[in-house]
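Me: I would like to learn how to read a few features of a protein model, one after another. Could you take me through them, giving the general idea and then the case at hand?

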Amino acid sequence: MLSQFIAAACGVVLASAASAEMTRLDDQSLAAVSGQGGIYLSGDISINELGGPVDNSYFGRCEETTKKCGARFAYQLRENGGWMVLDDIRGNFAFEGLTLRVRSINSGFGGDGELFDRDVLELGLPDVVRFNDVRFKIAASSTPRPTDPGFQQTDIFSVQMRGDVIMEGNLLVFPEGHP
């Protein structure tokens, strides 16, 4: 008997919702409606869990303990200088709630800087990022690639992360040049 009552109540609710219709808003009513622009992203990203694409005497699969695996990001600090690298990047991280939007800044940053009257790209950091066996090394290198002639690398330190990281705030990206 109770299940029949619940089924009948659900039917009435669904029927009333189905008979509702959209109505037009005039300009004055529409002006009172506010919303939020931008993009809301969630993701689960894996980086080289099984190793990189190069297979030679230096690189291999991650389970080969005598070889390196993972991605590499190299950047030169000055022209003709050495290279700083994030090396052996691998693992998995997930996030929910990364936002992306354009933000207009027309102030002097609360008295801390010059007037800035332009748009910037705002990355709203997600509340929590979950790391699962994320690893990388920060190193100094003589060349951008280990396969380049004269390669020498000094690992400065290694990082391993597992667990949740709480993030707050925004990252602002300021455009340069003339689009």
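Me: Does Asp133 count as buried, partly exposed or exposed, and what is its relative accessibility?

Reply: Before the answer, a word on the source: this is a predicted model, in which local features need pLDDT of at least 70 and side-chain atom pairs count only at pLDDT 80 or more, while totals for chains, interfaces and linings use all residues. Residues are numbered from 1 along each chain as its sequence is written, and side-chain values use heavy atoms, with hydrogens and water left out. As for the classes, buried means under 20% relative accessible area, exposed means over 50%, and partly exposed lies in between, with a 1.4 Å probe and protein chains only. Asp133 has 31% relative accessibility and therefore counts as partly exposed.

Me: What is the phi of Asp133, and in which strand is Asp133 placed?

Reply: Asp133 has a positive phi of about 50° although it is not a glycine, and its place is in strand S5, where strands (E, at least two residues) are DSSP runs numbered from the N terminus. Asp88 also has a positive phi, near 55°, in a residue other than glycine; Asp88 is found in strand S3 and, at 9% relative accessibility, counts as buried.

Me: How many salt bridges does the structure hold?

Reply: Side chains of opposite charge can pair when their charged atoms come close. A salt bridge is taken here as a side-chain nitrogen of Lys or Arg within 4 Å of a carboxyl oxygen of Asp or Glu, and the structure holds eight of them. One of them joins Asp87 to Arg72, with the closest N and O atoms 3.1 Å apart. That pair links distant parts of the chain, since Asp87 lies in strand S3 (residues 83-107) and Arg72 in strand S2 (residues 71-76), 15 residues apart. Asp87 is buried, with a relative accessible area of 2%, whereas Arg72 is partly exposed at 21%.

Me: Which residue forms a salt bridge with Glu122, and how far apart are the closest N and O atoms?

Reply: Glu122 pairs with Arg101, the closest N and O atoms being 2.8 Å apart. Here too distant parts of the chain are linked, with Glu122 in strand S4 (residues 116-124) and Arg101 in strand S3, 21 residues apart. Glu122 is buried, at a relative accessible area of 5%, while Arg101 is partly exposed, at 35%. Arg101, Arg103 and Glu122 are linked in a network of salt bridges.

Me: Which parts of the chain does the pair of Lys137 and Asp155 tie together?

Reply: Lys137 forms a salt bridge with Asp155, with 3.8 Å between the closest N and O atoms. Lys137 lies in strand S5 (residues 128-141) and Asp155 in strand S6 (residues 153-166), so the pair ties together parts that are 18 residues apart in sequence.

Me: How much space lies in the largest pocket, and which residues are closest to its centre?

Reply: Rolling a probe the size of a water molecule over the atoms shows where empty space is left. On a 1 Å grid over the protein atoms alone, a pocket is an open set of points where a 1.4 Å probe fits, with protein on both sides within 12 Å along at least five of seven lines, and lining residues have an atom within 4 Å of a point. About 240 Å³ of space lies in the largest pocket, and of the 16 residues that line it, the closest to its centre are Ile47, Phe93, Val129, Phe131 and Val134. The largest share of the lining, eight residues, comes from S3.

Methods
Helices (H or I, at least four residues) and strands (E, at least two) are DSSP runs, numbered from the N terminus. Grid points are joined across faces, edges and corners, and a volume is the space filled by probe spheres set on the points.
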